[in-house]
Amino acid sequence: MKRYKNMFQTVFICLVCLVTLCACGEESDTASSSNPDNKGEDAVVVYYVKEHPFYQAALEAYQRTAQVSLELHAFDTEEELAQQYTAEGLSGGGADVVLLSDASSLDAEKLMSEGICFDLTEYLEQDQNYKKEDYFEIVMDAGKLEGKQYILPITFDMGFAVARNTVSELCGNILTDDVDCYAFYEELLACQQLLYDSEEIRLGLCFTSDSAEDFLLYAYHTSGLELTDGKAVSVNSEQLRQLCDFVKAGQEEFQSKYEEIKNSGSNSAILVGYQLLYGNPAAIVRQQEYAYEAMFQEKVDYFMLPEGTAEGYRATVRDFGLVDAKSDCPEEAYKLLKYLMDYDFYSLGVVYTAGTPVNRNVFDSQLQNLSTITEITMGKSTMTVSPMEEELVEKLERQMNQITSAGLPHPDTEQIFTETMADYINGTADFDSCYQQMCSRLNLYLKE
């Protein structure tokens with residue numbers, strides 16, 4: 001199943017792909033499968049995926065500054081890492097630290113409940129450098145089971161919509177921030193119809209992937225919809241129908257206009273109404289803002305996707321780490337994970353492809369850097385742009401303090417959800433039959 005986390009690399013936002021930051025450095029391209037010079041009995045064994053935006057650079061920096069011995073195992077894919085860790089019995093004789101992402105096939109909650117992860121609660125409580133107020137606490141809580149911290153989140157993602165100001169004006173500014181996600185879906189679809197009827201906009205609602213499964217995952221994560229309670233299927237069928245109807249309408253319009261927009265090149269951005277995006281809101285909103293200003297002399301606005309409760313916004317952990325329960329060096333392993341939680345990857349120039357830092361201070365620092373950029377490179381040209389709109393900065397700061405729920409990825413249940421409900425989205429089956437099939441498969445999964 002395809003994941004939507006790299007959906008920023010598509011035709012609909014090709015304009016921002018031409019834009020790079022003059023202030024950013026180059027990402028490290030070294031990713032060795034191991035570090036033989038550091039092998040030994042006292043080495044902390046680390047499993048991670050080599051193509052990750054910043055793990056390699058962060059691990060190398062930690063090894064230099066902390067003067068510790070790390071045995072690095074960089075896998076080509078998340079699947080290879082999962083297979084290796086599973087082959088080792090998921091504990092003992094292998095990794096001390098496992099660094100995972102939302103693309104992993106390993107279910108983090110199962111790893112916690114089955115005793116695979118070391119309980120890090122005591123280390124956090126005794127760490128004088130760990131202060132709860134310095135972290136997005138709701139996101140940190142996603143790594144807990146029965147009040148104990150087994151998983152340490154490193155970055156997380158949020159969903160939001162971005163549009164040019166003229167698009168908002170065409171829609172009569174009907175989008176609001178104080179409704180639940182289902183009402184927001186209805187507002188987006190109302191905007192979509194208005195834009196569809198206009199001569200200026202060719203595609204009202206743009207999700208940056210042509211995959212129904214990807215679109216479903218986006219709606220699922222941003223809504224906070226619960227499929228199970230861990231023991232039984234608990235999904236609200238009416239809410240599920242609303243979510244799927246939103247995706248179905250957006251997908252149908254996308255498919256009808258895809259070739260036209262694809263063939264329009266960089267002009268595609270000006271022909272799109274609202275883009276649904278996922279990742280680090282500060283980084284991506286800023287990128288959209290200066291790209292539209294540089295290319296079209298347009299300002300932008302954005303809307304965070306509200307979760308189902310209408311009380312705030314939903315976050316999904318993207319990158320996270322665990323210490324194996326049978327590690328011989330759990331304290332050193334914890335210190336490494338804590339370093340990664342506090343690592344500021346902004347200088348690597350990967351801020352747009354990485355998630356939102358779980359460390360509030362790192363997030364604030366990145367937002368400050370992003371908001372003050374006034375020189376960008378577009379292709380071979382260097383251009384001057386305005387600092388980030390103060391209103392956008394204040395809105396971002398306010399809404400990042402309104403995260404009311406967060407969760408870890410659930411690869412197995414997500415796959416069941418997308419595989420079954422995609423048939424309804426694509427028009428090959430009715431909702432009731434897809435819903436029943438989903439519930440049946442989820443029940444079988446929960447009994448395994």
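The model is predicted, with local features needing pLDDT of at least 70 and side-chain atom pairs counting only at pLDDT 80 or more, while totals for chains, interfaces and linings use all residues. Numbering runs from 1 along each chain as its sequence is written, and side-chain values use heavy atoms, without hydrogens and water.

Two packed helices are described by the angle between their axes and the distance between the axes. Here helix α15 (residues 411-425) packs on helix α16 (residues 431-447) at an angle of about 160°, and their axes are 8 Å apart. Axes are lines fitted to C-alpha atoms over the stretch in contact, with angles from 0 to 180 degrees between N-to-C directions. α15 and α16 are therefore roughly antiparallel (angles over 145 degrees). On the α15 side, the contact (heavy atoms within 4.5 Å) includes I416, F417 and M421; on the α16 side, F431, M438 and L442 are among the residues involved. By class, this contact has 10 nonpolar, three polar and four charged residues, where Asp, Glu, Lys and Arg count as charged, Ala, Val, Leu, Ile, Met, Phe, Trp, Tyr, Cys and Pro as nonpolar, and the others, Gly among them, as polar.

Most residues other than glycine have a negative phi. N173, in the loop between α7 (165-170) and α8 (181-197), has a positive phi near 55°. With 56% relative accessibility, N173 counts as exposed (over 50% relative accessible area, 1.4 Å probe, protein chains only). Q297 also is not a glycine, and its phi is positive at about 55°. Q297 sits in the loop between α11 (281-296) and β10 (300-304) and is exposed, at 64% relative accessible area. Helices (H or I, at least four residues) and strands (E, at least two) are DSSP runs numbered from the N terminus.

Notes: Parallel < 35°, antiparallel > 145°, perpendicular 65-115°, else oblique. Buried < 20%, exposed > 50% of the residue type's maximum accessible area, 1.4 Å probe, protein only.
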